[in-house]
Amino acid sequence: MGSLNKMNFITRFSALCLRRKSKMQQRHQSSRRPAVPLGSRILTDPSKVFEHNMWDHMQWSQEEEEQAKEKAAENSLVKVQLEDQDKYEREASKYWNEFYKTHRNNFFKDRNWLFLEFPEILPEKMRQQLKTEDRSSEHTKINTTNSFSHKNGMKEREKYWKKSYGDDSTFAQGYVYNKNQPKSVADNPQNQNCEEEVGRLESFPGSDATYRILEVGCGAGNSVFPILKVICNTPGTFLYCCDFASGAVELVKSHSSYNSAWCSAFVHDVCDDALPYPFPDEILDVILLVFVLSTIHPDRMQGVINRLAKLLKPGGMLLFRDYGRYDTAQLRFKKGRCLSENFYVRGDGTRVYFFTKDEIWNMFNLAGLTEVQNLVDRRLQVNRKKKVKMQRVWVQSKFQKPLLLSVNNSEEATKKHPYG
């Protein structure tokens, strides 16, 4: 009897070892499989929904759309009291500082998808170096008809400066110097010495750069460090990043990859028009606005976009990604968390708005920017362990500052709303 139990034990142990070996082989094989390009995993067989964590380009049925509207309407019935709403607005930076203090950088992941979705972040030459396989989805391809190489952009911008400030003006490092301006206090009735002004402007961080990027709402540096990894040791490229939570900026500056030779991180409240930026207007090639605008009160959003548009060079790009209307995050809010229509406060005091692409088009258009891309990105996120499906909705947009601005062109653009 004892020998029989011993045989059974050996048999079970051998079977267990074989199963473990098989699982290890499967993991090894799966780790060697080529990664599926972002945005190209389409769910064609619903029975296989739990085989991956994310499915791209999901189409909602009319019934699903109606159910989402009903849920949003239901959780919006009870609004946060006005005195509490004022508190969340006044103390917004406090809540975000507490957020970063609590979480530090424990769960933040680098946004390595940035260069696939937004290749315009980088100068043309660097884009070519990092070019990967073409995306299967047409809306994610670089719109070459609306992109400007840095060299051509510089020529066009110089024309813009001469037209705006006179033929005797010279374009240099993002500011204009007019040879006919008085150079001494005696010659200048307004006591403005041009050489002193030029010296002041030249002293800002990144003044020697020829290609400048700004990330608004940098957080713990999820975008900053993937960008720095690419531009580091590339002459002529400089990255600015700001956040109104001082704790977030401290996290970025204390990171081992932070290098002040290529990056300048600073505390800034984009809602305060009176606060100066540490660089002049119209010097930025790219502004990155990712999951930031949604944290701002809807009444202040237009002012923020207007101010950011002034920082862009003519031909510069504003790249945007944020929460879309009826995203799972919106539908999960309980009653009593709604501040106003499609605007909510989380349990930690931070706030979030859920956009439509029409709203984005209107805001960016009013700021004088031209659409290059504006789409709704619907995906199905899956928790395979819990067998839970979540409909994710984001809005992704690219808007460009025209090379030559005119009142007539702006009025025409306002009349021709592409979405009805």
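**Note on the salt bridges**

1. Glu89 has a relative accessible area of 23%, so Glu89 counts as partly exposed. The model discussed here is a predicted one.

2. Glu89 pairs with Arg351 in a salt bridge, with 2.6 Å from N to O. Glu89 belongs to helix H3 and Arg351 to strand S11 (residues 351-353), so this contact ties together parts of the chain that are 262 residues apart in sequence. Arg351 is buried, at a relative accessible area of 6%.

3. Glu89 also forms a salt bridge with Arg300, where the closest N and O atoms are 2.6 Å apart. Here helix H3 (residues 82-90), which holds Glu89, is tied to helix H11 (residues 298-311), which holds Arg300; the two parts are 211 residues apart in sequence. Arg300 is partly exposed, with 35% relative accessibility.

4. Another salt bridge joins the side chains of Arg321 and Asp377, at 3.0 Å from N to O. This pair links distant parts of the chain, 56 residues apart: Arg321 sits in strand S8 (residues 312-323) and Asp377 in strand S12 (residues 370-383).

5. Are Arg321 and Asp377 buried or exposed? The cut-off for buried is under 20% relative accessible area. Arg321 has 6% and is therefore buried. Asp377 has 3% and is buried as well.

6. Arg321 and Asp377 belong to a network of salt bridges that also includes Glu117 and Arg379.

7. How many salt bridges does the structure hold? The count is 13, and the pairs described above are among them.

Key
Residues numbered from 1 in each chain as written. Predicted model: local features only at pLDDT ≥ 70, side-chain atom pairs only at ≥ 80, totals over all residues. Heavy atoms only, no water. Salt bridge = Lys/Arg side-chain N within 4 Å of Asp/Glu carboxyl O. Helix = DSSP H or I, 4+ residues; strand = E, 2+ residues; numbered from the N terminus. Buried < 20%, exposed > 50% of the residue type's maximum accessible area, 1.4 Å probe, protein only.
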